[in-house]
Every structure is written in C-alpha cells, then in structure tokens.
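Let me put the thing up on the screen and then walk you through a few bits.

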Amino acid sequence: MRKTNNVIKIKDFKVDKSLPFDQEYNFAYLDENTKKMIRRAIIKALCIPGYQVPFASREMPMPYGWGTGGVQVTASCLTKRDTLKIIDQGADDTTNAVSIRNFFKKTSNIKTTEITEKATLIQTRHRIPETPLKKKQIFVYQVPIPEPLAFLEPKVSETIKMHSLSEYGAMHVKLYEDISKNGHIETAYAYPVKTNDRYIMDPSPIPKFDNPKMNNSPAIQLFGAGREQRIYAIPPYTKVKSLDFEDYPFDPFKAEHACDICGSKNTYLDEIIVDDAGNKSFICSDTDFCNKRKNK
Amino acid sequence: MIIPLLKVTNLSKSYDNIVGCKNISMSLYPGEVLGIVGESGSGKTTLINCLSGNLEPDRGKIIFNINNKETDFLNISESEKRKFIRTDLAFVHQNPRDGLRLNVSAGGNIGEKLMSVGYRHYGNIRSLATKWMNKVEIDKSRIDDLPITFSGGMLQRLQIAKNLITSPNVIFMDEPTGGLDVSVQARVLDLIRSLVNELNLTVIIVSHDLAVIRLLADKMIVMKNGTVIESGLSDQVLEDPQQEYTQLLVSSVLHV
C-alpha cells in the first residue's frame, strides 16, 4: 500500500486568528506574484507609450465591466504610504467608487481621500478630475475596450499588425463618417488619440472634453482592461494628440451652461432632469471640485 | 528598351499536393492590359493572388519596376510590402462586398484609401470622392448612402472608384463582371475600358469570359492545370489559337 503521509489534510491549514477577518487577504487583495506580473506589464507599457501589453488578468471579486482591470493595476501599485481616491463619472459618492474604495479599505487598510490634490493614487471611471494632476501622482483608468481599431477590424491578429506597422488610415474613416452624417465629429467619449506620435490609443470612455488633460501631464497614467487582459500607459510629460481633420479640428465639447451649484463655466457638466416637466439642471460631474468651489 | 513594370519568373504555388500554379513566367509593360483566361481551377486566381500579395508563393520571383525603382516583391519586409500594396497596387474583387466596408458610406469607402496614404483634409477627401463617383457614373447625391442600398452594378463601380482613386500602378481585377447580369456587365466593362484608355492604366484582369478579354485585354495568357499553355496578343490568340484547349475555349463561345 502507498504511504499517504504526503497528503495534506484540511485541518493542517490554520487561520491566523490574531488578524481581523478582513486582513486574512494579502495586502491589497492580490498575491505578491500576481502583483509582480502586473508591475512588469506596467513597466513595459510605460516604456512603449500607448502600446497594449497583454497580462494574465485575474478573477476579481466583482463582475467584468466594473473595473476589474483598473482594480488590478491599483492593487499592484499601492503601497502602505499611499492615499487613495476613487471616482466614478467624476463623483466620489457613486456606487462603483464607493464599492471599490471600501474594497481597498478592507484589503489594504490605507488612507483614502476625496480631495484630488491629497491623493497619491487615483482610480477613475470615465473622467479626469478638473484639478490638474501633478507630479508623483498615479492615475489609473478603468478600460472596457482597449482596442481603438476593434470597430474597424474584428480580428485581433490583424489589429496587432496594424499597430505594429502604424497602418492607421482607416481610423479616420470613422471621423469622416461622423462629419458626413452630422456635420461635425460626433464622437463624444472614448475619442481616439495618438500617443507620443506613434500608437493610436483608446483613452477609455472619458468625455472628449478631458482629452487635452492627458497631453503632457506630469502624472503617470495607467490603463487597465481586465476582461480584455491589456494594460497600457502614458508616462509623464508625453504628447497625446486627439485625431482630427485639418479642416475639422478637434473640439473638446461641453454643455453651454454654468454649474448650478458652484457656478463654474469651464468644467464638464452632468445634465440632470429634475421634474416631470422635463426641466433640467446642470452640475459639475467632478464632485470634489464642485464642493471646494462652493465652500470657498 | 522599355523595362517591364512587372516581371514574373518561375512562379509556383501549391496547396499541399494540389498544384495551384506551376512555373509561371511573364512580363507586363506600362499601360498594358493583360488578360488571364482558363477554366475554373486552372490557377488564375492563385496566380493573381500571388502577384497582388494576398498569397505567398512557394517558389519564383516577382519584380516590380515602378518609376525606375525595382521592388523584389517576395524579399521585402512585411511593412514595406504592405506599404507597396497600399500605394502601388489595387485589387478589384469579383464580389464587391469583399472589397468594400458595407457599414461605411460610399464616400467613406472611396475616401479610405486616401486617408490611409495620409490625406487629412475632409473637404479635399470629399471633393475627390465626389469626382470619382462622377467618373464611375454613380449619382453624387448617393455619397452618404450605405453600400447595402446599392445595386450589384453600382457596388462594383463603387469598388472600382475606391481602388482607382489613389492612381495605383498595377490594378488586379478578379472576374470584375462575374456576378452581374448581362446588361450591367456591359456597362461595367464599358466603364473599365474608358477608364483604362483615359488614365492609361496597367491592368491584369482574370476572367473565364473570352468576350471580356477580347474587349479589354491587349495581351492574354491561357492557363490550364496551373500552367500557361498559350500566350500572346489577344487578337492573335483569339483569332488563331494554336493549342487544342484554346481552340476549344474559343469555339465554345456562344454566338447569339
């Protein structure tokens, strides 16, 4: 008969009772080997601005489309000294922001903030804060579809080739179609950009109003797409140009209103229907910026 | 001496044990229209796909000589090859749906090649697209319509406009009138013929229809079982075919 002394019995596993329940996880949820793998992908992405680096995306305790890519990038970058800010559509108090903030509070016990300037790491869905980003900040985007050429060319093998050979002519076909249909470039979010004069990149579904903020930013910008298993990045002080036509230049559109709460005229606004008569109100989508202005 | 625009030497391509084409040698001079005829499975399409870069041949040489610049088509890097295909070659498919983006408007389809060679001025792209729609006899009011709303003949003319707009040096046509009814065929052929004359195009046209070859081609080659069995001026070959198979082809044309 075979010896069975190398069989591990379940009772051999001991839960460390000295730790509170929430800290039975490794710091920031992911194990260190996974973080190492993701950090290597991030470093590669920073070396080739705009290039999509494949990585072995993990299952996260949230559904795809809720920021699994961004969360993995954030988890791999977090240190115990970091102060974390999470925004969803510019707001700190929306579902996605609150749940991800609580997730990191539980699993890493770090400081969190709602104030843009105080954060060392900001994870975002669909906005760049109105307060300019600064040196030594890391800015993480949640990305649903990283491939800007996907709508033109469904084959991934072909889009990889198009990127490697800079065959980007077809990219303008979409903008052409916009102008011929609507008289102007209708694309309002996920507006494609060219990074460092080389790779065409999907900036995630931020409004095109935010596109100019990516250009020459002093912060590190990282993009994580969990379901599609891609990470890409813009290193600090990198040229990011929105695609356009010579006679139809890029126009960072916003609603022609001032914020009804703080009165700001040059921030991105949410349109809110306030009653059954269809009356509407415009307010800043960046809650932190709006609160600060209001309280001044 | 005129240097051939395209020189092919001993080109062979097989699919496992099945011969696609074998030891094909030929040359094509600027402004010439070359017809390739043969029955189904004779290797016409394999040959044209090898020449246009859609297929990698097993053996042989393809040399393009454009503006005194020699390009060894099978020995250049992938990026050079794709650039060459984009700027110097054009391919008109038998089925226009293969050569067009059906979810993009007619103007967008015609303009795509311009944008891929660096045009970034909407107004210019649009006016060139309009000009070409005019040239291929499509009403310019249809410029923003989707190709799915076009008839078969219009689609084929749209595909021709899309391909010719960047004035490519060699144009490949694979049965360009294949799926069209006879009256539409005549119209498309007439269009191709007038464009060839007007723009002095260099064309390789594949067809199993001898009438198409007689109408368009200056020279022709006849293929059977993957090899060239007869070649020469098309009038000569069609009037006085030497090979038994060619004689059969010529005599099998219906005279209505």
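So, burial: of the 296 residues in chain A, 42% are buried, where buried is 20 or more other C-beta atoms within 10 Å of a residue's own, the C-beta atoms being placed from the backbone. Before I go on, this is a predicted model, so local features need pLDDT of at least 70 and side-chain atom pairs count only at pLDDT 80 or more, while totals for chains, interfaces and linings use all residues. Residues are numbered from 1 along each chain as its sequence is written, and chains are lettered from A and ligands numbered from 1 in the order in which they are written.

Along the principal axes, the C-alpha atoms of chain A fill a box of roughly 80 × 50 × 40 Å. Chain A has seven helices and 12 strands; those are DSSP runs numbered from the N terminus, helices being H or I with at least four residues and strands E with at least two.

Now, one sheet. In chain A, three strands make an open, antiparallel sheet ordered β7-β6-β10, with pairing taken as at least two DSSP bridges between two strands. β7 (199–201) and β10 (240–242) of chain A each have a single partner strand, so one side of each lacks a neighbour in the sheet. β6 of chain A, residues 193–195, pairs with β10(A) over three bridges, and T195(A) has V240(A) as its bridge partner there.

Last, the interface: 15 residues of chain A contact 17 of chain B, contact being C-beta atoms, placed from the backbone, within 7 Å.

Terms used
Two residues are in contact if their C-beta atoms, placed from the backbone, lie within 7 Å. A residue is buried if 20 or more other C-beta atoms lie within 10 Å of its own, exposed if 12 or fewer, and partly exposed in between; C-beta atoms are placed from the backbone.
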